[in-house]
Amino acid sequence: MARSLTNWGEFGRKQCPPHYWQEFLDMCKQRQMDVLEILHASAARDAESHDSSFSSFFWNISQNAGKEKHRGSKSGIAGCLTPGGNVFLPHQGRPLLGCEKLLIQGIPYFRLLLGTETEVQLGDLAGNAMSLTVVCATMLGAVTCKQLRRECLDAGGVSPKAMLENKASLPTAGLEERLRADIRLGMTRGINDSTLPCISDVFKKLFPLAKEAVESSILCTCESSGRSSLSADFVQCRQCGVSCCRDCLHSTAGYQLEGHDAKSITVTSRDHGIFQSKLHEIVPTSVVFDEVGISALSQEHRAKDLDKFVFNLHRIRRDKKAWRIIYYARADAGTGEPIAEFVVTIGEVKERGADSTGVKRGVQGQLTSFLPAKLPPLVYGPMVPCAKLTVASDDGKFEWMQRTETRTTDLLVSGNGETPSFRAEAGIN
């Protein structure tokens, strides 16, 4: 039987994809490892074949292989959460965390008074709970039924349906009106530009730190838990850029890099705590945009007025080959719902004209407007960045690039050489 995903064998031998958590696989029993292999082969054998390492799946490996399906009838739908359930996300290479299980149930874990609960206890709490959104809707309906009946009687015996339609037709302050009020109350750039830094000034300060950002970022999956690898020697693919440390690359228990064009790199400066302190000293808590760049965006993105709002710092995150600084602009004088997101990436950024991996070292910002999903006409589906600001050269020139409209085109894919497909590696003809 082919075990192309984990290659597990006797005496703890296993070789998994480079994004998998090896510590988790070490805790899995042989039956759970077989379930992973069976579900991976089932996804490859499907009529619409998928490689589970690059497709979103939701696998409960605590179930028997004959009961658990490799995919549901609808994509993007999570399965049932049960106490003691071991849910694995193959595209992330890790299990579903306890806090994520609570969020799936609609329970905001950050509002709970949690103590020293373990991941297993949080998962059991989510598995024993009901969907909080359904419970809250039921409670709200029970509380408002008495008031609705009283108002129907006071109105002369009007039917509840007519009363609800009448209440729904009353004018309310929508998001668009509240945004206009924010601009009138002083959330515009014209009032704040004398004290708040502009995003272009922040980019100029961050660009010299691009090299150090890559060296202190996550270069191996073992560093995704917040620590740094004890090894200073790493192996990186020249084509796709995937990397791992020498400690995680073994012939018996490690990561699979046989099909990659690997090269050895040595990184000496690895103290991410010092670099994070540098970012906190440079990165401002609030920024504004240049009017020239925002006003050039097309009406399709509905982002031309975002230069009149203040973007407040949300978090600084250490990521693979880069650091990410996340800003949000919010309605209701900066206290309401988010209306836009701006993510600053310092380190390796995707850029045209780069090397074979398609990346350069520099600073890049991606602006995403949430207004198309909040204001009519509504746009459904995932929100993609509408504009990108990149600085990837020593001259410090800024370049705004906006997302063009979707078009249909023809592509000719050509290559040289042959390599086994993931179907062939899984033992499927």
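Trainee: Why is the pair Glu223 and Arg318 called a salt bridge?

Mentor: A salt bridge is a side-chain nitrogen of Lys or Arg within 4 Å of a carboxyl oxygen of Asp or Glu. The closest N and O atoms of Glu223 and Arg318 are 3.6 Å apart, so the pair meets that limit. Please note that this is a predicted model, in which local features need pLDDT of at least 70 and side-chain atom pairs count only at pLDDT 80 or more, while totals for chains, interfaces and linings use all residues. Residues are numbered from 1 along each chain as its sequence is written, and side-chain values use heavy atoms, leaving out hydrogens and water.

Trainee: What makes Glu223 and Arg318 a tie between separate parts?

Mentor: Glu223 lies in the loop between helix H10 (210-215) and strand S5 (233-237), and Arg318 in strand S10, so the pair ties together parts 95 residues apart in sequence. Helices (H or I, at least four residues) and strands (E, at least two) are DSSP runs, numbered from the N terminus.

Trainee: Which term describes Glu223 and Arg318, buried or exposed?

Mentor: Both Glu223 and Arg318 are buried, a term for under 20% relative accessible area, with exposed over 50% and partly exposed in between (1.4 Å probe, protein chains only).

Trainee: Why is Glu337 called partly exposed?

Mentor: Its relative accessibility is 29%, so Glu337 counts as partly exposed. Lys374, at 30%, is partly exposed as well. The side chains of Glu337 and Lys374 meet in a salt bridge, 2.8 Å from N to O.

Trainee: How many salt bridges does the rule give?

Mentor: The count comes to 10. One of them joins Asp319 and Arg324, with the closest N and O atoms 3.0 Å apart.

Trainee: How do you know that the span of helix H2 agrees with its length?

Mentor: The expected span is 1.5 Å times one less than the number of residues. For the 16 residues of H2 (30-45) this should be 22 Å, and the end C-alpha atoms are 22 Å apart, which agrees. Its buried residues include Met33, Leu36 and Leu39, and what covers the buried residues includes strand S1 (14-16) and helix H1 (22-27).

Trainee: What makes a set of residues a nonpolar core?

Mentor: The members are buried Ala, Val, Leu, Ile, Met, Phe, Trp, Tyr and Cys residues joined through side-chain atoms within 4.5 Å. The largest such core has 39 residues, and Phe311 is among those that touch the most other members. Strand S12 gives the largest share of this core, 5 residues. Apart from it lies another core, of 27 residues, among them Cys16 and Ala43.

Key: Contact means heavy atoms within 4.5 Å.
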